[in-house]
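Welcome! Here is a short tour for someone meeting this structure for the first time. Take a look at it below, and then we can walk through it together.

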Amino acid sequence: MREKLNAHHRDKVDDQDGKDDDDDPNNNNKGKKASLRKRAYETTASYPDDLAATTEIHVDMNKEVVFIPMNGAPVPFHISSLKNSVQPESDKVSAYLRLNFYAPGQSLGKEAHPSIVELFDRQGKNAVFVKEMLFRSREQRKLNAAYRAIQELRKRYKQRVAKAEQEANLVQQETLVKIRDGRAARMADVSMKPMASGKKSTGILEAHTNGLRFVSRKNEVVDVMFRNVKHAFFQPCENEVVVLIHFRLKDPIVIGKKKSLDVQFYTDVVESSVALDASRRSMYDPDELDEEQRERQLRKKLNDHFKDFCKKVEKASKLHHAELEFDIPYRDLGFNGVPFREMVLLQPTVHCLVSLTETPFFVIELNDIEHVHFERCTLRSSNFDMVLVKKNFDQPPATVNAIPMDQLDSIQEWLTDMSLTYTAGGASLSWNQVMAAVRNDPRFFEDTEEDGETPKPAGWTFLQVDEEGDADDDGLDEDEDYEEEDADADADDDDDDDSDDEDDDDDFDDDDDDEEDEEEDED
């Protein structure tokens with residue numbers, strides 16, 4: 001299997017090299033970023049009409065510009081060039097306001113706009129930049145008003161930039177076509193993750209012609225289009241506290257002012273934390289038996305309700321040519337691990353490996369996995385780590401930590417059934433360096449060096465080679481220890497034999513002395 005994958009990757013590299021050779025050499029400017037320079041005003045005639053006197057600081061909220069008096073003339077500075085504003089302690093006569101600007105040679109930080117970085121790269125060594133300005137006024141009220149206006153403008157600018165970054169990669173979704181005759185499948189009293197607002201979003205979920213619509217009790221609307229669903233999951237409440245349906249989307253949507261690739265609708269079967277009585281209850285308590293019976297009936301009812309809704313959604317999606325199909329996780333193949341911060345149950349599905357009960361959700365597609373490597377696989381370890389290397393080498397590998405060692409064999413059998421290669425090692429690797437070396441090695445999937453004769457491990461085999469080398473070294477060390485123990489044991493046996501011989505000689509001498517004493521007595 002590993003040799004077939006290496007051959008497949010070699011063919012892909014050859015095809016990519018051919019495409020690179022056929023590229024048009026005239027497209028030299030392709031891929032270059034557009035200029036990020038900001039131009040708030042074309043000429044001085046377009047300055048705001050309410051511009052204050054030339055000796056005062058004026059803030060234009062619409063254009064995001066701060067006018068600063070310099071030599072009797074108002075000079076505009078975009079708010080992105082302003083690092084911060086400070087009000088030093090005023091004296092008895094005057095008040096002060098200090099404006100600090102971004103300048104070359106200092107740490108820009110994460111808040112600096114890309115246009116500032118581009119400006120410093122182009123003109124940082126040739127132009128003169130203003131680093132700091134200090135203003136003094138006897139009217140403290142005007143400086144306080146200017147300070148508050150600047151702070152408010154910086155706040156609005158940061159919010160606008162953050163919103164623009166979130167909506168940069170958003171894809172325009174189609175409009176939901178509602179079913180008007182009231183035959184739309186619906187589920188009431190379901191909750192949604194991530195929350196639209198507050199601590200919990202509860203409402204009604206409806207299936208329409210080309211998508212789903214969730215309406216919360218606060219009239220918050222979230223639409224999920226069938227064509228935007230990449231994977232759909234249905235997890236019944238068997239040994240779980242919730243029953244849920246989960247959607248992994250192709251393109252993110254905005255929920256609660258944040259982009260999200262996952263949307264989940266669920267219903268609690270029992271509370272996650274149950275208050276137990278201090279007194280012990282008998283296993284034959286009628287009240288407890290009735291409660292268990294009601295809980296089983298509730299679980300069955302919710303499972304049937306969600307399953308029926310999934311079937312209706314699949315039917316509606318097929319009519320819209322979306323071909324949506326729900327996968328049910330295989331709990332029997334599940335294993336415990338820590339993909340983020342908490343120990344969760346990871347369960348395989350037909351196309352993915354998922355953990356849907358706790359947030360953040362863990363969903364990774366099996367077709368995106370290139371190789372799996374197990375770390376800390378030693379006889380002394382009680383758990384190990386699993387590293388999922390993706391086919392896109394520019395993306396960091398996904399890691400699942402602290403998997404119990406007794407689940408290693410079952411995971412390896414599942415990977416074999418899914419036609420995924422895996423290796424195991426005893427040490428933890430620095431995957432940033434490993435992936436950098438893989439990306440920079442054009443002959444990574446070749447079995448020879450650049451000369452074509454010197455053999456080398458092909459593909460991910462080098463991970464297994466290190467393990468075998470360590471195993472051989474361990475075997476040699478064990479043999480040496482075993483030989484040393486045998487030598488010590490033989491030496492101890494020889495010492496015991498010598499001591500036994502000496503004891504026998506002493507016993508023999510004692511017998512001779514006794515016989516001589518008896519002869520003397522007879523005489």
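## Reading the model

The expected span of a helix is 1.5 Å times one less than its number of residues. Helices (H or I, at least four residues) and strands (E, at least two) are DSSP runs, numbered from the N terminus.

This is a predicted model, in which local features need pLDDT of at least 70 and side-chain atom pairs count only at pLDDT 80 or more, while totals for chains, interfaces and linings use all residues. Residues are numbered from 1 along each chain as its sequence is written, and side-chain values use heavy atoms, with hydrogens and water left out.

## The chain as a whole

The chain has 7 helices and 22 strands. Of its 523 residues, 34% count as buried (under 20% relative accessible area, with exposed meaning over 50% and partly exposed in between; 1.4 Å probe, protein chains only).

## Helix α3

Let's start with helix α3, residues 140-166.

Among the buried residues of α3 are Leu143, Ala146, Ile150, Leu153, Arg154 and Tyr157. The cover over the buried residues of α3 includes the strands β1 (58-60), β2 (65-70), β3 (73-78), β4 (82-86), β5 (95-101) and β6 (132-137).

## A sheet of four strands

Next comes an open sheet of 4 strands in the order β15-β16-β17-β18, paired antiparallel (two strands pair if DSSP finds at least two bridges between them). β15 (335-337) and β18 (362-365) stand at the edges with a single partner strand each, so one side of each has no neighbour in the sheet.

β15 and β16 (residues 344-348) run antiparallel and are joined by 3 bridges. Here phenylalanine 335 stands opposite leucine 346 in β16.

## Backbone details in the loops

Most residues other than glycine have a negative phi, and most peptide bonds are trans. Where are the cis bonds described here? One links lysine 193 to proline 194, with omega near -5 degrees, and proline 194 sits in the loop between β7 (185-193) and β8 (201-207). Another joins threonine 359 and proline 360, with omega about 0 degrees; proline 360 is in the loop between β17 (352-355) and β18.

Glutamate 64, in the loop between β1 and β2, has a positive phi near 60 degrees. At 11% relative accessibility, glutamate 64 counts as buried. Asparagine 219, in the loop between β9 (211-216) and β10 (221-225), has a positive phi of about 65 degrees, and at 65% relative accessibility asparagine 219 counts as exposed.

Notes
Contact means heavy atoms within 4.5 Å.
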